Protein chains: 2
Amino acid sequence: MQALILAGGSGTRFWPLSRHSFPKQFLSLKGDRSLLQATVDRQRPLIEPDDVWISTTEALAEQVRSQLSEVPADQVLAEPTARNTAPAIGWALGVMPRTVREGVVAVLPADHRMEDSAGFRTVLERAGRAVENADRVMTLGVTPNRVETGYGYLELGEPLLGEPDLRRVKRFTEKPNLETAGTFVESGNYLWNAGIFVFRGTSLLDHLTRLEPEVGEGLAAIRADPGRTAELYAALPATSIDYAVMERLDDLATLPLDCGWSDLGSWAALAEILSPDGPGNASRGDVLAIDSADNLLWAESGQIAVAGVTGLVVVRTAETVLVVPKERAQEVKRIVAALRRYGRDDLL
Amino acid sequence: MQALILAGGSGTRFWPLSRHSFPKQFLSLKGDRSLLQATVDRQRPLIEPDDVWISTTEALAEQVRSQLSEVPADQVLAEPTARNTAPAIGWALGVMPRTVREGVVAVLPADHRMEDSAGFRTVLERAGRAVENADRVMTLGVTPNRVETGYGYLELGEPLLGEPDLRRVKRFTEKPNLETAGTFVESGNYLWNAGIFVFRGTSLLDHLTRLEPEVGEGLAAIRADPGRTAELYAALPATSIDYAVMERLDDLATLPLDCGWSDLGSWAALAEILSPDGPGNASRGDVLAIDSADNLLWAESGQIAVAGVTGLVVVRTAETVLVVPKERAQEVKRIVAALRRYGRDDLL
């Protein structure tokens, strides 16, 4: 099995720690290894670094290579331009040698966390076997542990290949409202779409050509004439693999993941997986907390001292400090947007 | 009239902006001039810098001279050791030429704020005249504008010298409880002790000798044999001028000050005198506040970005950041105490 890790993101949710030139996947949010490095580590020994491919951007490629010296440098692929995940995955498959893309490929986000790596590998291996045996496209679905409106939901259909938990996906529902999400989670018949896909590379390209011909045929033209890559790639519609393929497949299959997954979508989500001290403060670096509880206190540079505060995120870097209540951690996006408006590239 | 400014304090309430080697009186908390500089400015032209004396410590004397180049350098007096205000004032008077200390001297704290300087000078001038004409010891009392348990209260007695608002002080009450403070303020018959005293220097020394002989006689011995200053000064009891003299005088007199006084006792007190923006954030430096109100955001170094927070004090320096709710601003003292315990001299 090959791993294709999507590491082109430039998310702003972990500002000020994540920066335009140093996005989330490069951060070591728990432990010493970055999320990207942990994503490579997690598959070993099921997938060794020699079989890892990284899709990233021109701007980030050097950084990826320096964090992942164990991955062959020419398997770190810089997208010609940003065109969302359908072109990115399709183009990466096209760059792989034909014999490689005829095999099983697992697509993995570079910036998620999985507590139980061994459990994850077991599910990934089972998915790989299902692909090999039945040429299925698989999406791994996370077993929900709360009502969440920010994710896509997979409705489970009938069991496949005689395995009770290997199911056909009946329907995708993107970001339902609170009531619908509650019904989904209560029913036990839904999984979260985690953006982890397993398929035969050539089959995925066939699906792409059938379901989203503009992308599929554009990618075929690039494979036929690599010298025109920049020009042809820029002309592809920017569309996601979920929308272009996964949501439209009749026979998409899924296996449940229950491995302590988190997409680390905000500072608040990070706070939940860090080990807190007695009063519930999760701290990193030089931190002094007096009479304070339930805070995330992250001193990347210098010191943080708090007294009498609750439920805050405080992140200090050499340039700035962020203070936001945990329950409003999403508003970091508004800060980043304002800084962009004010031309504060020094902070972005 | 001479001014004797007490600038030996090393308060910790404005940590992390105030440091052991750079205490509050050196800070520019409002406007460009430091509190110490503003204290000298405030009296002009009633008292010009040539008639200003500063009592400070050995460690701070150079800094005082550099902030106050307009004050003659030999009028910046470094106490031999820290012995509280009674010895400090008595010793400074002893260092002054006899003709100077026979005149009127005003003792002024170096780290308070007065909004209305002209109004203050008017009261100070009247106090000076009362001292000249009747050889009184005067303490200027601040007209209370709220019930406050953190100050000393002066109970007003009968009018003196035919001036209705020049009153005998009947009694000192140090830091009353909330109920008593409420009664005091409601009665309209009390002023806050602001630590601003006006007297004839030689008379103050006489009172000191009569009321606190150990201090008064020790100081006389120093005047008689300045070569033994260090040794004799170190032997003086450390006692405050309030306790040693003011609270014990039968004929202490007072005039009311209603000039926008603040002792700037905490970050919260500072927030009250800074001009807030629309939503009520008082900011200094590079600050971005989104959906946030009623905060004090002080970026001495680098940037501060907040979203969705209310009623916080956030102070960023090159070394650290403080986050504390305004109503718990006093707890900065606990942070400083903890840092001291941990030997964090790099932050103190």
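The contact between the two chains takes 29 residues from chain A and 29 residues from chain B, with two residues counted as in contact if their C-beta atoms, placed from the backbone, lie within 7 Å. This is a predicted model, in which local features need pLDDT of at least 70 and side-chain atom pairs count only at pLDDT 80 or more, while totals for chains, interfaces and linings use all residues. Residues are numbered from 1 along each chain as its sequence is written, and chains are lettered from A and ligands numbered from 1 in the order in which they are written.

On the side of chain A that touches chain B, at least two residues each come from β12 (282–290), β13 (296–307), β14 (312–316), β15 (320–325) and α12 (332–341) of chain A. Helices (H or I, at least four residues) and strands (E, at least two) are DSSP runs, numbered from the N terminus. By class, this side of chain A has 19 nonpolar, four polar and six charged residues. Here Ala, Val, Leu, Ile, Met, Phe, Trp, Tyr, Cys and Pro count as nonpolar, Asp, Glu, Lys and Arg as charged, and the others, Gly among them, as polar.

Strands also pair up across the two chains: β13(A) runs parallel to β15 (residues 320–325) of chain B over four bridges, where pairing calls for at least two bridges found by DSSP. In this region, A:Gln303 sits opposite B:Thr320 of β15(B).

Within chain A, helix α3 (residues 85–95) packs against helix α7 (residues 201–211) at about 135 degrees, their axes 10 Å apart. Axes are lines fitted to C-alpha atoms, for helices over the stretch in contact, and angles run from 0 to 180 degrees between N-to-C directions. The two helices, α3(A) and α7(A), are therefore oblique to each other (under 35 degrees is roughly parallel, over 145 roughly antiparallel, 65 to 115 roughly perpendicular and the rest oblique). A:Ala86, A:Gly90 and A:Leu93 of α3(A) meet A:Gly201, A:Leu204, A:Leu205 and A:Leu208 of α7(A).
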